[in-house]
Amino acid sequence: MIPLLNFLRPSRSMRMINLLLPLVKSSQQTLYAKLSHVPVLAEETIEIMNVRSASIVMDMTFGGGGHSRKILETSNSVKVIAVDRDPVAYLKAKELAKEFPGRVQPILGKYSELRDLLHKEVQPGNVDCILFDCGSSSMQYDDPDRGFSISKDGPLDMRMDGDRIPGQLTAADVLANGEESDLAKIFKIYGEEKYAKKIARNIIESRYLLQRLRTTKEFASLVANSIGYDTRSDKLDRPTHSATKCFQALRIFVNNELNELDFGLHLAYKYLRRGGRVVALTFHSLEDRIVKRHFLGIDMDEPINQGIGQKMKNAQKVYSKDELESYYEKKWSVLFKEIITPSDEEVRINPRSRSVKLRCALKIE
Ligand SMILES: C[S@@+](CC[C@H](N)C(=O)[O-])C[C@H]1O[C@@H](n2cnc3c(N)ncnc32)[C@H](O)[C@@H]1O
């Protein structure tokens, strides 16, 4: 398993937020109806999923339903099991179910909750294709009240589950209660932020002045002040806000995203039929590494840069010939070696697609 830094307890204010949220729900629902998400690599995804010859597809990241809609429109005989942990996405899935009667089964839950939820809807070994479109949706980013966005000021929330899970920590809770060393680890591991220690130190110091960082703007300014500037270049030399990596790190931590993805891929293996496909769209190297490791059969606990060749050499030193055969038994066959990335045109129209990588594998056992 990927290291999980769940060391914090829900605070009283967290419980207060849960109490207050139902009151604002109806106005939020009106806002959500207006928000939508442009599906990334949509044509390529549909083609690679082989939707035309599928009967059951699981969309593990329904979001605004962009990919699910495309799947339903591509073939009249396909049924979509539409999973999302976000209650807003679940409402969207219910709307789509009305539009395509008998063909959409909405499920509200995160991957680690699915074992109990799925058995009513589908049997293991029966699904033709499973899609993961990782990260957060535009609906989550575009609504300031969800606290995902640097550019729109709002409460530091970032819970994809909304108020569905009692006691789940918000980003503000993490910043208000985390130990300095744990905060530094979050920014370093999940954000690959080189100023992680300095930012963590400044968060602790801010507690004496502000008590609690409450808004996305407050947190973004603290990070920018710690680093010394507002904007910097990303790996591809594109300008980004200097707090982008810390926002990503907090979001990953609050939602336990990497462990969830690891769990989801194990579940996908269980539910796919032999020869069924999993298609994964990832948006940063931490997600991509997990997908790649599953497909190559590399254990999550092995050192990060160990390729399949090195893994085999290590195994030969330790195992007998018989043991080695089962060790090499592969669960997935990678469909194509090259990673699929978006065209310049798609990036121009939908900048969110700029860092996406598509990988696909078949279940071979
Ligand atoms: C990038 S969006 C998907 C967008 C969608 N493909 C579309 O075209 O509208 C990712 C979605 O996955 C959901 N999600 C992320 N992690 C999840 C998990 N562990 N379990 C269930 N849903 C998850 C998020 O709530 C979000 O709605």
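Reply: Start with residue classes. Ala, Val, Leu, Ile, Met, Phe, Trp, Tyr, Cys and Pro count as nonpolar, Asp, Glu, Lys and Arg as charged, and the others, Gly among them, as polar. In the shell around the ligand, five residues are nonpolar, eleven polar and six charged. This is a predicted model: local features need pLDDT of at least 70, side-chain atom pairs count only at pLDDT 80 or more, and totals for chains, interfaces and linings use all residues. Residues are numbered from 1 along each chain as its sequence is written.

Me: How many residues surround the ligand, and which are the closest?
Reply: A residue is near a molecule if its C-beta atom, placed from the backbone, lies within 6 Å of it. Here 22 residues surround the ligand. The closest are Pro-39, Thr-61, Gly-63, Gly-66 and Glu-260. The elements α3 (66-74), β2 (79-84) and α12 each give two or more residues to this shell.

Me: How are such elements assigned, and how many helices and strands has the protein?
Reply: They are DSSP runs numbered from the N terminus: helices are H or I with at least four residues, strands are E with at least two. The protein has 16 helices and nine strands.

Me: How do I read a helix pair?
Reply: Two packed helices are described by the angle between their axes and the distance between the axes. Axes are lines fitted to C-alpha atoms, for helices over the stretch in contact, and angles run from 0 to 180 degrees between N-to-C directions. Take α12 (residues 257-271) and α13 (residues 285-296). Their axes come within 10 Å and cross at roughly 25°. Angles under 35 degrees count as roughly parallel, over 145 as roughly antiparallel, 65 to 115 as roughly perpendicular and the rest as oblique. So α12 and α13 are roughly parallel to each other.

Me: Which residues of α12 and α13 meet?
Reply: Contact means C-beta atoms, placed from the backbone, within 7 Å. From α12 come Leu-258, Leu-261, Asp-262 and Leu-265. From α13 come Leu-286, Glu-287, Ile-290, Val-291 and His-294. By class, this contact has six nonpolar, one polar and two charged residues.

Me: What is the angle between α8 and α9?
Reply: Helix α8 (residues 180-191) and helix α9 (residues 196-210) pack at about 140°, with axes 8 Å apart. The two are therefore oblique to each other. In α8, Glu-180, Leu-183, Ala-184, Phe-187 and Lys-188 take part. Their partners in α9 include Ile-199, Ala-200, Ile-203 and Ile-204. The contact divides into eight nonpolar, no polar and four charged residues.

Me: Is Leu-41 buried or exposed?
Reply: Count other C-beta atoms, placed from the backbone, within 10 Å of a residue's own: 20 or more is buried, 12 or fewer exposed, in between partly exposed. Leu-41 counts as buried because it has 23 such neighbours. Leu-41 sits in the loop between α1 (12-34) and α2 (42-49). Its contacts include Leu-281, Ile-340, Pro-342 and Val-356. Val-356 is 315 residues away in sequence, yet 8.4 Å away in space, C-alpha to C-alpha.

Me: And why is Asp-163 partly exposed?
Reply: Asp-163 is partly exposed because 19 other C-beta atoms lie within 10 Å. It lies in the loop between α6 (138-142) and α7 (171-177).

Me: What share of the protein is buried?
Reply: Buried residues make up 41% of the 365 residues. In α3, the buried residues are Gly-66, His-67, Ser-68, Ile-71 and Leu-72. Their cover includes α2, β1 (56-59) and β2.

Terms used: Contact = placed C-beta atoms within 7 Å. Lists of a residue's contacts leave out its neighbours within four places in sequence.
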